Amino acid sequence: MSEPMTNELGWMLDDVLKVPEARNAILLSADGMLRAHSAGIDRDDAERLAAGLSGLQSISRSTAEFCGPSTSPWRQTLIEFGHGYVFLVAAGEGAYLAVSTGVEVDMEAVTYRMHKLVDRLGKELSTPARPATGSRT
């Protein structure tokens, strides 16, 4: 049985949502596991979307040769709907950041904040967990 997610990084995701029309943010792993979510989306929805977004990233990555060498790294996917956008970017080794927005969003502002957040998250995601300590006296 897996441990319940604590959403310790969720507060960091809320920063990208300061752009007008930005709605929700999800941090996910390459295998579709939810790592964190913004305050505006509940855990069940975030987990379901994380699984779908992982598949979307995988499909996007498999089309690299369409625009150049197939070894070129995937960096970002943008999906447009009639009511908004989904931005999906690489957020470190095996992690992705997704943000949903409305139609009138400033796309440049969202991607800028996402990449700034990825820089901050990179430090958090790359910090190894501390080993359990206990007194041996």
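The lining of the second largest pocket, by class, has nine nonpolar, three polar and no charged residues. Here Ala, Val, Leu, Ile, Met, Phe, Trp, Tyr, Cys and Pro count as nonpolar, Asp, Glu, Lys and Arg as charged, and the others, Gly among them, as polar. A pocket is an open set of points on a 1 Å grid over the protein atoms alone, where a 1.4 Å probe fits, with protein on both sides within 12 Å along at least five of seven lines; lining residues have an atom within 4 Å of a point.

A quick word on the model: it is predicted, so local features need pLDDT of at least 70 and side-chain atom pairs pLDDT 80 or more, while totals for chains, interfaces and linings use all residues. Residues are numbered from 1 along each chain as its sequence is written, and side-chain values use heavy atoms, without hydrogens and water.

Back to our pocket. Its lining includes Asn24, Ile41, Leu53 and Ser100. Helix 2 gives the most, with four residues; helices (H or I, at least four residues) and strands (E, at least two) are DSSP runs, numbered from the N terminus.

Now, the cores. A nonpolar core is a set of buried (under 20% relative accessible area) Ala, Val, Leu, Ile, Met, Phe, Trp, Tyr and Cys residues joined through side-chain atoms within 4.5 Å. The largest has 23 residues, and Leu13, Leu27, Leu97, Val99 and Met114 are those with the most contacts inside it. Helix 3 brings the largest share of this core, five residues. Another core, of 12 residues, lies apart from it and includes Ile26 and Ile41. Ile26 and Ile41 also line our pocket.

Thanks, everyone!

Methods:
Buried < 20%, exposed > 50% of the residue type's maximum accessible area, 1.4 Å probe, protein only.
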